[in-house]
Each structure stands twice: as structure tokens, then as C-alpha cells.
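Here's a short tour for anyone meeting this structure for the very first time. Have a look around, then read on for a walk from the inside out.

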Amino acid sequence: QVRLVESGGGSVQAGGSLRLSCAASGYDESSSLAWFRQAPGKEREGVASLYPGDGATRYTDSVKGRFSISQNSAENTVDLQMTGLKPEATAMYYCAAGRPLVRNWSLIRGQYHDWGQGTQVTVSS
């Protein structure tokens with residue numbers, strides 16, 4: 001049984017940084033672990049994904065160069081380091097586990113079936 005628990009959300013000013021953690025267990029090695037976010041009134045969008053098996057990562061264009069997804073094997077977490085935060089990053093952030101049919105689909109919501117409860121990130125201007 002897959003279990004995903006997010007932590008690390010909070011409030012920061014624009015330009016600041018936050019590090020989110022997802023305690024993940026029960027997934028198989030061929031899975032993708034990803035971070036999604038959903039702002040009020042908007043669709044849930046993929047932010048970053050990681051294949052723990054080979055470390056391959058993928059990012060949505062708007063966060064490239066500022067966000068970094070990584071696996072902490074010692075603590076069994078998948079972390080999202082966010083820098084240069086902008087007010088439009090304000091959203092609930094969710095950790096997800098799944099097996100996308102195609103690796104290029106690893107930021108598509110429908111490819112994931114297991115989700116955490118989310119952690120709120122608020123960026124003020």
C-alpha cells in the first residue's frame with residue numbers, strides 16, 4: 001500500500017525559498033514520484049517528477065532553474081527545493097506516486113493514482 005505524507009509548507013515572501021518533503025513508502029521501483037500543485041479555482045498541475053530507479057527528473061517550464069526535486073534515501077523522502085518563489089506559486093502542493101505509461105507523461109495528473117493530503121504554500125508579494 002502506497003503512503004505519501006507531505007510536510008514543509010508555509011508562508012514566505014516573494015523571492016524566498018521553501019523545501020517540501022514527501023515521506024513515501026509502499027511504491028515499487030518502476031514508479032514515478034511527483035509534486036503537483038493546485039491553486040484555488042485552477043486545475044492541478046504537475047511541477048516536478050522523479051524516477052527513483054534511475055534518478056531521471058522532469059520539470060514544468062515555469063519552475064525550471066528554480067525548483068529541484070531529489071530523493072533522500074536515508075529518510076525515504078522525495079523533496080522539492082523551491083527558490084525564487086513568486087506569488088503565483090501559492091497553492092496546495094501534493095505528492096503523488098504512479099506509473100506513467102510514457103516517461104514524458106510524468107507531469108500529467110491522470111497518470112497518478114496515489115496522492116498525499118497536501119501542504120499549503122503561500123507566497124506574498
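A nonpolar core, as the term is used here, is a set of buried Ala, Val, Leu, Ile, Met, Phe, Trp, Tyr and Cys residues joined through side-chain atoms within 4.5 Å. Keep in mind that this is a predicted model. The largest such core has 27 residues, and Trp35, Phe67, Ile69, Leu80, Met82, Leu85 and Tyr93 are the ones that touch the most other members. The elements that put two or more residues into this core are β3 (18–25), β4 (32–38), β5 (45–51), β7 (67–72), β8 (77–82), β9 (91–98) and β11 (119–124). As a general point, nonpolar side chains in soluble globular proteins tend to be buried together.

Now step back to the whole chain.

Buried residues account for 42% of the 125 residues. If you take contacts between residues at least 6 apart in sequence, 59% of them join residues at least 24 apart.

| Residue | Relative accessibility | Class |
|---|---|---|
| Leu20 | 0% | buried |
| Tyr27 | 24% | partly exposed |
| Ser17 | 40% | partly exposed |
| Asn76 | 51% | exposed |

Leu20 sits in strand β3. Leaving out residues up to four places away in sequence, Leu20 touches a list of residues including Trp35, Leu80, Met82, Tyr93 and Val121. Leu20 and Gln81 are 61 residues apart along the chain, yet their C-alpha atoms are separated by 6.4 Å.

Tyr93 is one of the core members that touch the most others. With residues up to four places away set aside, Tyr93 touches Leu20, Trp35, Phe67, Leu80 and Met82, among others.

Ser17 belongs to the loop between β2 (10–13) and β3. Beyond its sequence neighbours up to four places away, Ser17 touches Val12, Gln81, Met82, Thr83, Gly84 and Leu85. Phe67 is 50 residues from Ser17 in sequence, and 9.4 Å from it in space, C-alpha to C-alpha.

Where is Tyr27 found? Tyr27 is in the loop between β3 and β4. Apart from neighbours within four places in sequence, Tyr27 is in contact with Val2, Leu33, Pro52 and Gln71. Tyr27 and Ser124 are 97 residues apart along the chain, with their C-alpha atoms separated by 35 Å.

Last stop: Asn76, in the loop between β7 and β8. Asn76 has a phi near 55 degrees, a positive value in a residue other than glycine. For context, most residues other than glycine have a negative phi. The relative accessible area of Asn76 is 51%, and exposed means over 50%, so Asn76 counts as exposed.

How values were computed: Residues are numbered from 1 along each chain as its sequence is written. This is a predicted model: local features need pLDDT of at least 70, side-chain atom pairs count only at pLDDT 80 or more; totals for chains, interfaces and linings use all residues. Side-chain values use heavy atoms; hydrogens and water are left out. Buried means under 20% relative accessible area, exposed over 50%, partly exposed in between (1.4 Å probe, protein chains only). Contact means heavy atoms within 4.5 Å. Helices (H or I, at least four residues) and strands (E, at least two) are DSSP runs, numbered from the N terminus.
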